[in-house]
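Hi there,

Here is the structure I promised to pass along. Have a look at it first, and then read on for what turned up.

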Amino acid sequence: MLPSSFHRVAALVVAYFVLQLTTAVASPTPFESLDKHARDALADLAPVSARSIDERDLVARATPAAPHWVVYGDKYAPGTTGPPDASAIKGFNVFLLSFLLTEGAWDKAYEWTTLTADQRAAVKSQYAAAGIKLMVSVFGSTDVPTSSRNDPVGTANTIAAWVKQYSLDGVDVDYEDFNAMDAGTAENWLISFTTQLRAQLPSGSYIITHAPVAPWFSPNKWPGGGYLKVHQQVGSLIDWYNVQFYNQGANEYTTCAGLLTSSSSTWPNSALFQIVASGVPASKLVIGKPANSGDANNGYIDPSTLAGCVAQAKSQGWNAGVSTWEFPDAAASWIQTVRASSWPV
């Protein structure tokens with residue numbers, strides 16, 4: 001008995017010639033003219049072709065693997081409308097237009113809307129060629145969506161629609177509603193918001209990151225569970241965390257030990273590897289630092305010292321990357337220094 005593969009090949013050959021013949025005589029239903037083997041062969045062949053195309057497209061759009069080198073852009077840069085030229089941020093692979101607020105786009109996010117569609121497409125093309133994702137950061141320190149009683153689902157829908165309208169790669173959720181976290185109401189708001197945002201911006205097509213302050217990962221510190229609760233509920237929907245290891249006290253997270261292994265008693269168990277011990281994957285914990293001492297109230301570590309901390313973390317199996325506030329204080333030379341001892345540019 002001949003193998004089934006022979007029958008399938010033969011059926012495809014027959015199917016081809018029947019389709020050619022029926023097309024030539026303008027048959028309205030050429031598929032019905034085929035025998036069972038030919039119909040089955042064509043039915044199986046079409047989905048395989050479509051599936052392979054979809055899979056290739058998915059790979060192209062998939063969330064980039066760690067490490068992530070992230071820079072925020074909020075400050076006005078003379079001569080630059082919207083994001084900078086890709087060459088100015090060589091060594092970074094994510095640029096965050098800041099900020100989209102509940103009341104609308106401001107600063108770099110607003111500048112992006114003033115460009116024409118062709119200008120935005122040219123920027124996106126340049127960034128894609130350089131391996132840089134272009135995203136928007138939402139909320140920031142001036143927006144308090146939970147305390148302001150903004151509906152989390154409606155807010156997520158509005159933000160997702162803006163991302164799609166302006167052809168961005170995703171959203172960074174820089175949620176800083178401290179009163180809501182203190183009251184224990186932030187977590188459920190963030191969970192509902194993130195669930196709806198991911199429903200609108202599916203994984204593989206869009207990136208979703210969060211940017212919590214490091215103390216929000218301290219266990220047993222927050223009445224609603226803090227970001228450990230958020231991670232437990234919707235961590236699978238979040239690609240990574242741009243953790244803010246700054247603005248939390250004059251002596252907090254200012255040494256490699258304080259940043260990586262031993263936070264203070266003020267914010268217990270909130271150093272990088274202590275957060276890992278609480279159940280958050282190391283690959284999702286991006287180290288966030290200010291670009292210089294003027295970009296934050298405290299928490300600054302100079303780039304050369306930070307490079308040593310990054311190398312130390314890498315030697316312990318961490319690979320998530322670094323985020324920084326903000327361009328142009330952090331540009332190509334800054335990130336090249338920070339990466340020099342671990343992932344040199």
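At what angle do helix 7 and helix 8 pack, and how far apart are their axes? In this predicted model, the angle between helix 7 and helix 8 (residues 226-234) is about 30 degrees, and their axes are 9 Å apart. Angles under 35 degrees count as roughly parallel, so helix 7 is roughly parallel to helix 8. The crossing of helix 7 past helix 8 is right-handed. On the helix 7 side, the contact is made by Glu187, Asn188, Leu190, Ile191, Thr194 and Thr195. Helix 8 contributes Gly226, Tyr227, Lys229, Val230, Gln233 and Val234.

Helix 11 (residues 303-315) and helix 12 (residues 332-339) have axes that come within 7 Å and cross at roughly 40 degrees, which makes helix 11 oblique to helix 12. Pro303, Ser304, Leu306, Ala307 and Val310 of helix 11 make this contact with Trp334, Thr337 and Val338 of helix 12.

Now for the aromatic residues. The count comes to 20 aromatic pairs. One of them joins Phe139 and Trp189, an edge-to-face pair with 5.9 Å from centre to centre and 65 degrees between the planes. Phe139 belongs to strand 4 (residues 133-140) and Trp189 to helix 7 (residues 186-200), so this pair ties together parts that are 50 residues apart in sequence. Both partners count as buried: Phe139 has a relative accessibility of 1%, and Trp189 has a relative accessible area of 7%.

Phe139 and Trp189 also belong to one aromatic cluster, together with Tyr175, Phe178, Phe193, Trp216, Phe217, Tyr227 and Tyr241.

Finally, a word on Ser323, which is found in strand 9 (residues 321-327). Is Ser323 buried or exposed? With a relative accessible area of 3%, Ser323 is buried. Leaving aside residues up to four places away in sequence, Ser323 touches Val70, Asn242, Val286, Ile287, Gly288 and Lys289.

Note on methods
Residues numbered from 1 in each chain as written. Predicted model: local features only at pLDDT ≥ 70, side-chain atom pairs only at ≥ 80, totals over all residues. Heavy atoms only, no water. Phe/Tyr/Trp six-rings, centres within 6.5 Å; stacked < 30°, edge-to-face > 60°. Helix = DSSP H or I, 4+ residues; strand = E, 2+ residues; numbered from the N terminus. Buried < 20%, exposed > 50% of the residue type's maximum accessible area, 1.4 Å probe, protein only. Contact = heavy atoms within 4.5 Å. Axes fitted to C-alpha atoms, helices over the stretch in contact; angles between N-to-C directions. Parallel < 35°, antiparallel > 145°, perpendicular 65-115°, else oblique. Left-handed = near helix turned anticlockwise from the far one by under 90°.
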